[in-house]
Amino acid sequence: MAEGSEGEKNRTMKRLLLIINCLLLGVGTTGGPLVMRLYFLRGGNRVWLSCFLETAGFPFMIPPLVVSYLRRRRSAAAAGTAKARLVSMNIPLLAASAFIGVLTGLDDYLYAYGVARLPVSTSALIIATQLGFTAFFAFLLVRQKFTSYSVNAVVLLTIGAVVLALHASGDRPHGESVKAYVMGFVMTLIAAALYGFVLPSVELVYKKCKQPITYSLVMEIQFVMCFSATLFCVIGMIINNDFKAIPIEAKKFKHGEGSYYGVLVGSAIVWQAFFLGAIGVIFCASSLLSGILIAVLLPVTEVLAVILYKEKFKAEKGVSLLLSLWGMVSYFYGEIKHDKKMKKRKSSDIEATEMPHIPELGVIER
Ligand SMILES: Nc1ncnc2[nH]cnc12
């Protein structure tokens, strides 16, 4: 009985964690591209600097990491077990996280290149194709199982992106060459494919890792990933002389120096929420759900871009928005149905002495 209530408490905690991470991902997915585009619209033109800002907020992870360490230390002392380590990840996990971080740094550059050249509403919809890539790599790397509902969601969200891509040419910003526009389009598409690979790779690392994955460890992984991605971008910034250009850009920024630095710091904070949310959702559920949430929220970004930056809202953007919402409803309906089926099966198995461990609501077993 006590074990049952402990299990119930764990499930509730994991659901709460899932909700928090969905919110973080939501803030990052919608706010990140808008702040990044604001930088370019108001006079900034450094691609390496803006890709650096995607991960440079990793020091914001230090306070929660310290709190988590103190808690682990206190519970180890109370239980009389070995002292908690300041850094709990082992060397292979550190190496894997650093490697994925470099891929993320490269991806950030491709993504920022696209945001610099395309309207946010267009780049957001190209990024929606990421879900197709995530689904493909999740199948290859972590043997993600699909239901008719999740397949339906992937198809709808991908069609939504394609509808937009087919009509995107009329969206070229004033004064931008066709070549720059096409390059922006292609780079964003490659970013979508690469990040579609990164998400299931994180899930694979969680699965293959020899130590139990806790949320504290997820935060450490986030720290290392963002640190190595930032290092990658710093090299690009040095080569491109971006550090010298920062004070000059700040002086020329349309809203003044103060708001220039405000945009940079705001960007770093919002993108931290994005990356922590993305890998946190993978921890609580799966890389597929992370990909689905990113795709579902992109049309929200698009609508906000239309409102805030007066970008054009054409019929195809509305169609894409509807398809995304339909895809989201389909996915969650399938998950709730699956969850109910699992609960029913569990209660009919309750008599058995050795009860098998059944995963819940797309939650991967660890
Ligand atoms: N670097 C990135 N940041 C945000 N969303 C992305 N989608 C693909 N790459 C991305």
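**Entry 1**

I began with Leu140, which lies in helix H6. My helices are DSSP runs of H or I with at least four residues, numbered from the N terminus. This is a predicted model, so I kept to the rule that local features need pLDDT of at least 70 and side-chain atom pairs count only at pLDDT 80 or more, while totals for chains, interfaces and linings use all residues. I also noted that residues are numbered from 1 along each chain as its sequence is written, and that side-chain values use heavy atoms, with hydrogens and water left out.

Is Leu140 buried or exposed, or something in between? I found that Leu140 counts as partly exposed because its relative accessibility is 43%.

Leu140 belongs to a nonpolar surface patch of about 600 Å², together with Phe136, Phe139, Phe146, Val151, Val155 and Ile159. Helix H6 (130-142) and helix H7 (148-166) each give at least two residues to this patch. I wrote down the patch rule: members have over 30% relative accessible area and no salt bridge, like charges are joined within 9 Å, and nonpolar side chains (Val, Leu, Ile, Met, Phe, Trp, Tyr) within 5 Å. The areas come from the Shrake-Rupley method with a 1.4 Å probe, and for residues only the protein chains shown count as cover.

**Entry 2: a patch of charge**

Next I looked up charges and found a positive surface patch formed by Lys145, Lys207, Lys208 and Lys210. Lys and Arg count as positive, Asp and Glu as negative, and His and the chain ends are not counted. Each charge is placed at NZ of Lys, CZ of Arg, CG of Asp or CD of Glu. I picked Lys207, which is found in helix H8 (residues 178-208). Lys207 is partly exposed, because its relative accessibility is 41%.

**Entry 3: salt bridges**

How many salt bridges does the rule give? The count comes to two. A salt bridge here is a side-chain nitrogen of Lys or Arg within 4 Å of a carboxyl oxygen of Asp or Glu.

One joins Arg46 and Asp242, with the closest N and O atoms 2.8 Å apart. This pair links distant parts of the chain, 196 residues apart: Arg46 sits in the loop between helix H1 (2-41) and helix H2 (47-55), and Asp242 in helix H10 (residues 242-252). Asp242 is buried, because its relative accessible area is 0%.

Glu220 and Arg72 form a salt bridge too, their closest N and O atoms being 4.0 Å apart. Glu220 is in helix H9 (residues 215-239) and Arg72 in helix H3 (residues 62-79), so this pair ties together parts that are 148 residues apart in sequence. Glu220 counts as buried at 7% relative accessibility, whereas Arg72 is partly exposed at 23% relative accessible area.

**Entry 4: aromatic rings**

I then turned to rings, and the structure holds 23 aromatic pairs. One of them is Trp271 with Phe275, a tilted pair with 6.5 Å from centre to centre and 45° between the planes. The rule pairs rings of Phe, Tyr and Trp (its six-membered ring) if their centres lie within 6.5 Å; planes under 30 degrees apart are stacked, over 60 edge-to-face, and the rest tilted.

Why are Trp271 and Phe275 separated by about one helical turn? It is because they are four residues apart in helix H11 (residues 257-284). Trp271 is buried at 2% relative accessibility, and Phe275 is buried at 3%. I also saw that ring pairs link Tyr39, Phe40, Phe253, Tyr260 and Tyr261 into a cluster.

**Entry 5: a covered helix**

Helix H5 (residues 120-127) is mostly covered, with eight of its eight residues buried. Among them are Val120, Leu125 and Ile127.

**Entry 6: backbone angles**

Most residues other than glycine have a negative phi. Arg143 is in the loop between H6 and H7, and counts as exposed at 55% relative accessibility.

Asn241 is not a glycine either, yet has a positive phi of about 60°. Asn241 lies in the loop between H9 and H10, and is partly exposed with 43% relative accessible area.

Conventions
Buried means under 20% relative accessible area, exposed over 50%, partly exposed in between (1.4 Å probe, protein chains only).
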